[in-house]
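User: Please take a close look at the side-chain contacts in this model. Which residues pair up, and how buried or exposed are the partners?

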Amino acid sequence: MRESRQLRDDVRNIEKFMAIPILKEFEVDSVRELIRISKIREYAAGEQIIREGEKDPWMYILYHGQVRIVKENKVVAVLRRCGDLFGEMGALGGMGRTASVFADDDSACLTVDAAKFEEFTGKDKMAFGFLLYRLLAEVLSDRLQQTTGRLTRAGDEILRLKARIRELSPDPG
């Protein structure tokens with residue numbers, strides 16, 4: 001992994017990050033604050049980004065590349081869109097990571113130190129917190145919809161398999 005030093009909040013960086021889809025709703029001052037608590041991390045294909053069970057304060061916004069989220073050696077998601085968010089559950093909840101994440105391609109992420117959110121004060125804290133939690137609500141809502149769809153399809157498949165088993169089972173009577 002290669003990591004930038006503290007990012008400068010110059011106009012070029014602000015414009016670059018405001019182009020990331022999930023950051024478009026943020027005001028310039030909020031993006032400036034986000035940049036202040038962020039770094040860019042670059043990962044080589046195959047490199048591990050997050051290790052399941054470990055604790056750290058970082059959230060990740062995919063800038064380019066593709067990452068694979070793995071839980072108990074099973075791929076649960078593949079993220080490839082600029083602006084895809086991952087690592088937020090462990091970073092904000094203060095718990096161990098619930099999954100591992102690997103770079104499938106050479107990838108870059110804007111990494112945000114969630115522990116630094118506590119440094120904000122007054123209106124900045126309220127405004128930034130509102131935007132951040134709105135962003136998280138959108139991400140989690142999308143994931144919940146995807147999970148509900150998978151669960152519905154799995155339930156349908158179980159019913160189909162049960163019916164097939166009844167068809168193939170010898171009649172006891």
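**Salt bridges and their surroundings**

Asp 84 counts as buried, because its relative accessibility is 9%. The model is predicted. The partner of Asp 84 is Arg 81: their side chains meet in a salt bridge, 2.9 Å from N to O. Arg 81 has 54% relative accessibility and therefore counts as exposed.

The structure holds eight salt bridges. Another of them joins Asp 56 and Arg 97, with the closest N and O atoms 2.3 Å apart. This pair links distant parts of the chain, 41 residues apart. Asp 56 lies in the loop between β3 (48-50) and β4, while Arg 97 lies in the loop between α3 and β8. Arg 97 counts as buried at 6% relative accessibility. Asp 56 is partly exposed, at 22%.

Arg 97 has a further contact. A polar atom of its side chain lies 2.5 Å from the backbone oxygen of Gly 87.

Strand β8 covers residues 100-103 and includes Ser 100. Ser 100 is buried, with a relative accessible area of 8%. A polar atom of the Ser 100 side chain lies 2.9 Å from the backbone nitrogen of Glu 52.

Glu 167 and Arg 164 are three residues apart in helix α4, so about one helical turn separates them. Their closest N and O atoms are 2.9 Å apart. Glu 167 is exposed, with a relative accessible area of 57%. Arg 164 is partly exposed, at 41%.

Now the rings. The structure holds one aromatic pair. Tyr 60 and Phe 86 form it, and it is stacked: 5.0 Å centre to centre, with 5° between the planes. Tyr 60 lies in strand β4 (residues 58-64) and Phe 86 in strand β7 (residues 85-86), so the pair ties together parts 26 residues apart in sequence. Both Tyr 60 and Phe 86 are buried.

The charged end of Arg 41 sits over the ring of Trp 58, 4.3 Å from the ring centre.

Last, the nonpolar surface. Met 89, Met 95 and Leu 140 make a nonpolar surface patch of about 250 Å². Leu 140 belongs to helix α4, which covers residues 122-168. Leu 140 counts as partly exposed, because its relative accessibility is 37%.

Note on methods
Residues numbered from 1 in each chain as written. Predicted model: local features only at pLDDT ≥ 70, side-chain atom pairs only at ≥ 80, totals over all residues. Heavy atoms only, no water. Patch = residues over 30% accessible without salt bridge, like charges linked within 9 Å, V, L, I, M, F, W, Y side chains within 5 Å. Areas by Shrake-Rupley, 256 points an atom, 1.4 Å probe, with all protein chains shown as cover. Salt bridge = Lys/Arg side-chain N within 4 Å of Asp/Glu carboxyl O. Helix = DSSP H or I, 4+ residues; strand = E, 2+ residues; numbered from the N terminus. Buried < 20%, exposed > 50% of the residue type's maximum accessible area, 1.4 Å probe, protein only. Phe/Tyr/Trp six-rings, centres within 6.5 Å; stacked < 30°, edge-to-face > 60°. Lys NZ or Arg CZ within 6 Å of the ring centre and 35° of its normal. Polar contact = N/O pair within 3.5 Å; in protein donor to acceptor, adjacent residues only side chain to side chain.
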